[in-house]
Amino acid sequence: MTQELREGVSRVFADRLAGVDDKLIQECGAISYSFYELTCSSFLPGVSLCELYNMTPENFLWKWEASNVNFNSRSQDSELKLLTSDSIVAVKTLITRELLKDASKRKQPRTNATVLPANLKDSRFPTKGDSVSYRGPATDVLSRKKRAFRYMYEKVSERSEVLDERIEEIAELVREHYKISDFSDPSASTDEEVIVVGRIVQEAEAASSSSKLNDATIHLESSRMHGSGSRVPLRFSPFLKIRGCIRGAKSVGFFPGAITVLKGKNGGGGWFQVSEILGLPPPAPLLPAEPSHSKMELGMGGLPFSMCVACGPYTTDSNLQYKPRDSLFEYLKNSKPKVVLIMGPFVDSAHPRIKAGDADYPPSRIYQARFLNPLIAFLKESPESIVLLLPHVRDLLSDRAVYPQTEYPQHLTGDHPQIHLLPNPARFSINGVNFGATSVDVLFHLKREEFLKRGEEVTPIPPTSVEDTGADGMGNLCRYLLQQRSFYPLFPVPLDVSHEVNLDISHSEGLRMCDTDQNKYAPDILLVPSKLKEFCKTVHSTIAINPSYLSRARYATINVSAGTTPAMDRVKVELSKFKGGETTG
């Protein structure tokens with residue numbers, strides 16, 4: 001507090017400071033950092049209330065009298081004349097309420113569009129440069145409405161139809177790949193070996209517990225077209241063969257919900273004897289567009305860009321101080337990547353302090369102070385960058401806790417034209433490089449449910465790179481996602497992690513990983529954050545990345561060089577960690 005203001009406060013409160021400690025005069029002006037950070041955009045520690053709110057001592061006196069008439073309505077008149085710490089708190093509350101009320105009046109009406117119209121200029125935000133071209137999910141009214149479906153209205157008939165359609169889609173891919181004439185019913189007795197297709201399920205009694213899939217509980221459920229929806233126990237031959245797997249795997253992983261193609265016969269013993277497993281064909285890479293292609297003309301495919309990927313939670317379980325987030329924004333300020341992908345949760349409903357109700361401010365104010373204001377400041381310094389926000393089912397900022405999940409509410413962008421919203425999961429492209437991303441920890445769920453069967457390799461698929469070996473456990477988990485063409489191929493959700501995913505299988509169209517064009521094109525880069533150890537691996541033609549969580553001070557940077565060769569040859573990924581405010585590779 002400056003000497004002039006100190007003297008002014010002492011003067012106007014001369015008859016109210018009897019017996020008051022000098023520290024209380026200082027408290028008239030003191031305000032905590034956390035309080036001010038959630039109400040203003042910048043902070044100068046140690047300023048007085050008069051300096052903070054640009055008030056004269058006389059104006060401060062009037063505020064004090066107005067706030068404390070109510071505060072001391074039941075007190076004696078002599079108490080009203082005294083300056084106390086409680087009365088100072090009342091002044092702060094009154095001033096803050098008035099500021100927030102004025103701010104709400106000045107707030108501009110929001111639009112339903114993701115970005116501002118091209119013919120409008122907003123002086124608050126700089127114009128985006130031409131270094132990146134972003135293409136995301138459709139933002140028209142019908143597409144948004146389709147993603148924001150009503151959940152908890154799922155019908156049994158709709159669920160069964162969707163589950164059957166998944167089997168039929170994979171069956172058609174396998175039929176074309178292996179030149180199969182027809183599929184048979186696994187429950188029908190045959191003398192010769194036949195090929196069947198269906199979904200892996202667990203025995204009903206075992207499924208009601210948390211036990212894993214094993215030889216005694218594994219069943220195959222066919223579609224109504226290929227087997228009247230019957231369930232048949234599976235028995236594997238000791239001379240099992242595996243056709244079409246990645247070279248060096250020597251095994252195939254099963255899990256509940258996996259669509260599987262098997263060869264064998266039902267000899268009438270009540271089970272299907274499996275002699276051969278047919279691996280699902282991997283999705284094809286999306287080849288770079290020719291110069292005459294519209295993507296090259298309109299989307300600037302082949303231009304270089306840098307990208308930073310950070311995934312929530314953004315604070316440790318011990319507090320809500322968001323210190324890892326501070327390191328992230330310091331890095332963004334220094335490096336200025338062209339694309340910033342930030343995945344939720346921003347305000348985690350599973351955080352111990354949040355669950356206990358021990359939060360000082362509502363989620364929207366925490367988000368604005370901790371994320372939105374710093375993001376806008378970053379975009380002001382880096383006008384050619386864009387920010388992508390992808391939600392999480394545990395985030396209190398989202399009004400939908402179902403998976404697949406629609407994008408965050410529009411107001412979380414602050415109506416900034418360079419902040420874009422994505423659903424969860426999402427497919428999008430940057431300068432012609434195709435991305436797939438989800439914030440659900442599907443890798444951890446797959447790892448818990450994986451059941452491996454070993455066998456002899458027959459006509460294995462050659463790897464696309466040296467590191468793409470079938471012996472890599474983490475790579476195989478990502479391979480399941482690509483082969484099943486789904487961001488979440490498990491069904492049902494494992495019982496012991498069912499609290500993490502509220503899966504709506506009737507809308508599983510939103511979980512499709514590959515392009516709808518014959519359901520065969522894989523993303524160039526697959527982002528699957530997980531509590532498992534961070535990694536970057538090449539799986540078939542896709543670069544799979546687990547950047548881990550920012551609460552562990554982990555993040556990923558992606559640098560794509562210029563060129564028209566496949567993205568896999570132009571991408572460089574670094575998995576980094578913040579340490580003591582600095583970045584380490």
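Is Lys-250 buried or exposed? I looked it up first. Lys-250 is exposed, with a relative accessible area of 51%. The cut-off for exposed is over 50%. I found Lys-250 in the loop between strand 4 and strand 5. Its phi is positive, about 60°, although Lys-250 is not a glycine.

**Confidence**

I note that this is a predicted model. The chain averages a pLDDT of 82, and 77% of the residues score at least 70. Over residues 29–47 the pLDDT is below 50. That stretch still has 29 contacts in the model beyond near neighbours in sequence. Residues 290–299 also have a pLDDT below 50, with 22 such contacts. Where pLDDT is low, the predicted coordinates should not be read in detail. I leave both stretches alone.

**Whole chain**

I counted 17 helices and 23 strands. Of the 585 residues, 51% are buried. I checked contacts with a separation of 6 or more: 72% of them join residues 24 or more positions apart. The accessible surface comes to about 27,600 Å². Carbon and sulfur atoms hold 52% of that surface.

I looked at Ser-228 next. Its phi is near 60°, a positive value in a residue other than glycine. Ser-228 sits in the loop between helix 11 (224–227) and strand 4. It is exposed, at 63% relative accessible area.

How many of the five residues of strand 10 are buried? Five of the five are, so strand 10 (residues 339–343) is largely enclosed by the rest of the structure. I checked each face. Val-339, Leu-341 and Met-343 are buried on one side, and Val-340 and Ile-342 on the other.

I then traced the pairing. Strand 9 (residues 305–311) runs parallel to strand 10, with five bridges between them. Met-307 stands opposite Val-339. From strand 9 the chain passes through helix 13 (residues 323–335) to reach strand 10, and this β-α-β crossover is right-handed. Strand 11 (residues 386–390) also pairs with strand 10 in parallel, again over five bridges. There, Val-340 has Val-387 as its bridge partner.

**Two cis bonds**

Which peptide bond is cis at Pro-313? The bond from Gly-312 to Pro-313 is, with omega near 5°. Pro-313 lies in the loop between strand 9 and helix 13. At 16% relative accessibility, Pro-313 counts as buried. I listed its contacts beyond four places in sequence; among them are Pro-345, Asp-348, Arg-394 and Tyr-549. His-392 is 79 residues away from Pro-313 in sequence, but the C-alpha to C-alpha distance is 9.8 Å.

Another cis bond joins Tyr-403 and Pro-404, with omega about 5°. Pro-404 is in the loop between strand 11 and strand 12 (419–421).

**Largest nonpolar core**

I went to the core next. The largest nonpolar core has 55 residues. Tyr-403, from the cis bond above, is one of the residues with the most contacts inside this core. Leu-234, Phe-254, Tyr-488 and Leu-503 are listed with it. Elements giving two or more residues include strand 4 (231–243), strand 5 (251–254), helix 16 (442–449) and helix 17 (473–484). Helix 17 gives the largest share, six residues.

Six of its eight residues are buried, so helix 16 is largely enclosed by the rest of the structure. They are Val-442, Leu-443, Phe-444, His-445, Leu-446 and Glu-449. These buried residues pack against strand 5, strand 15 (451–454), helix 17 and strand 19.

Which strands stand at the edges of the six-stranded sheet? The sheet is open, with mixed pairing and the order 1-13-14-18-20-19. Strand 1 and strand 19 are at the edges; each has a single partner strand, so one side of each lacks a neighbour in the sheet.

I followed strand 13 (residues 426–430) to strand 14 (residues 433–437). They run antiparallel and share five bridges. Ser-429 stands opposite Asn-434.

Arg-135 counts as partly exposed, at 35% relative accessibility. Asn-431 is 296 residues from Arg-135 in sequence and 8.4 Å from it in space, C-alpha to C-alpha.

Note on methods. Residues numbered from 1 in each chain as written. Predicted model: local features only at pLDDT ≥ 70, side-chain atom pairs only at ≥ 80, totals over all residues. Heavy atoms only, no water. pLDDT = per-residue confidence, 0-100. Contact = heavy atoms within 4.5 Å. Buried < 20%, exposed > 50% of the residue type's maximum accessible area, 1.4 Å probe, protein only. Helix = DSSP H or I, 4+ residues; strand = E, 2+ residues; numbered from the N terminus. Pairing = 2+ DSSP bridges. Right-handed = clockwise from strand over helix to strand, strands pointing away. Areas by Shrake-Rupley, 256 points an atom, 1.4 Å probe, with all protein chains shown as cover. Core = buried A, V, L, I, M, F, W, Y, C linked by side-chain atoms within 4.5 Å.
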